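Hi,

Here is the structure I said I would pass on.

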Amino acid sequence: MKTTFCFLFCTAVFIIEGCTPLTLRPADFSWPIEIVAAPDSSGTIQVTRYKVAFNSKPLLFEELQDSIHVTKHMMHVVRDQNGYYFITAKNFKNVYVFVQGEGALKLEKKISVSEKGLEAPAFNQRGLFIQLVNEQKENEPSILLSNDGIQKGEKK
């Protein structure tokens with residue numbers, strides 16, 4: 001009886017282990033520096049270094065109510081260790097956090113960072129966080145962000 005139970009238990013363990021997907025950990029998806037790029041006339045931003053392209057028109061309309069003059073907006077994009085994309089631009093009041101979906105970037109979180117709009121935003125990779133600096137406002141503290149929102153620093 002005990003032998004049969006042990007045999008069935010071991011068989012079940014091997015079957016369950018065989019169904020578990022292979023997971024490679026740890027993995028780091030972060031980009032060492034931000035990418036600053038202007039959309040082309042169709043609104044597409046292409047980051048050839050990391051093989052990423054996306055349409056920025058819906059984001060520009062969401063933030064600035066402008067999806068016509070897309071080529072004049074320099075977009076700041078960086079990716080954190082967990083694979084989330086952080087996107088903002090000059091005059092944006094928010095940082096948008098996106099997650100990769102099936103052929104799309106899906107909005108995960110909209111983080112309010114400035115009441116008047118950013119004058120000269122810049123992203124830096126800071127370990128587990130993304131640092132947002134408004135470069136022309138030296139007296140303002142930088143903000144550390146994650147996909148959950150503001151982690152450290154003051155809301156502007």
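Reading from the N terminus, the elements go α-β-β-β-α-β-β-β-β-β-β-β-β, that is, two helices and eleven strands in the chain. Helices (H or I, at least four residues) and strands (E, at least two) are DSSP runs, numbered from the N terminus. This is a predicted model, with pLDDT of at least 70 needed for local features and 80 or more for side-chain atom pairs, while totals for chains, interfaces and linings use all residues. Residues are numbered from 1 along each chain as its sequence is written, and side-chain values use heavy atoms, with hydrogens and water left out.

Of the 156 residues, 37% count as buried (under 20% relative accessible area; exposed is over 50%, partly exposed in between, with a 1.4 Å probe and protein chains only). Among contacts with a separation of 6 or more, 41% come from residues 24 or more positions apart (contact means heavy atoms within 4.5 Å).

Five strands make an open sheet in the order 1-4-5-6-7, with antiparallel pairing (two strands pair if DSSP finds at least two bridges between them). Strand 1 (35–37) and strand 7 are its edges, each pairing on one side only. On average, neighbouring strands of this sheet are turned by 25° against each other, direction ignored (axes are lines fitted to C-alpha atoms, for helices over the stretch in contact, and angles run from 0 to 180 degrees between N-to-C directions). Within the sheet, strand 4 (residues 75–79) and strand 5 (residues 85–89) run antiparallel and are joined by five bridges; M75 has A89 as its bridge partner in strand 5. Helix 2 lies across strand 4, strand 5, strand 6 and strand 7, at about 155° to strand 6.

Helix 2 also matters for the pocket list: what does the lining of the largest pocket take from helix 2? Three residues, the most of any contributor. Strand 3 (52–55), helix 2 (57–64), strand 6 (94–101) and strand 7 (104–112) each supply at least two. The volume of this pocket is about 210 Å³, and its lining includes F54, N55, E62, Y96 and L107. By class there are eight nonpolar, two polar and one charged residues.

Grid points are joined across faces, edges and corners, and the volume is the space filled by probe spheres set on the points. Ala, Val, Leu, Ile, Met, Phe, Trp, Tyr, Cys and Pro count as nonpolar, Asp, Glu, Lys and Arg as charged, and the others, Gly among them, as polar.

Further along, strand 10 (residues 143–146) pairs antiparallel with strand 9 (residues 129–134) over three bridges, and Q131 stands opposite L144. Strand 10 also forms a hairpin with strand 11, with two residues between them. I143 and L145 point one way from strand 10, L144 and S146 the other, and all are buried.

R25 and P26 are joined by a cis peptide bond, omega about -5°. K51 has a positive phi near 55° and is exposed at 75% relative accessible area. N91 has a positive phi near 75° and is partly exposed at 45%.

Cheers

Terms used
On a 1 Å grid over the protein atoms alone, a cavity is a set of points where a 1.4 Å probe fits but cannot get out, and a pocket is an open set with protein on both sides within 12 Å along at least five of seven lines; lining residues have an atom within 4 Å of a point.
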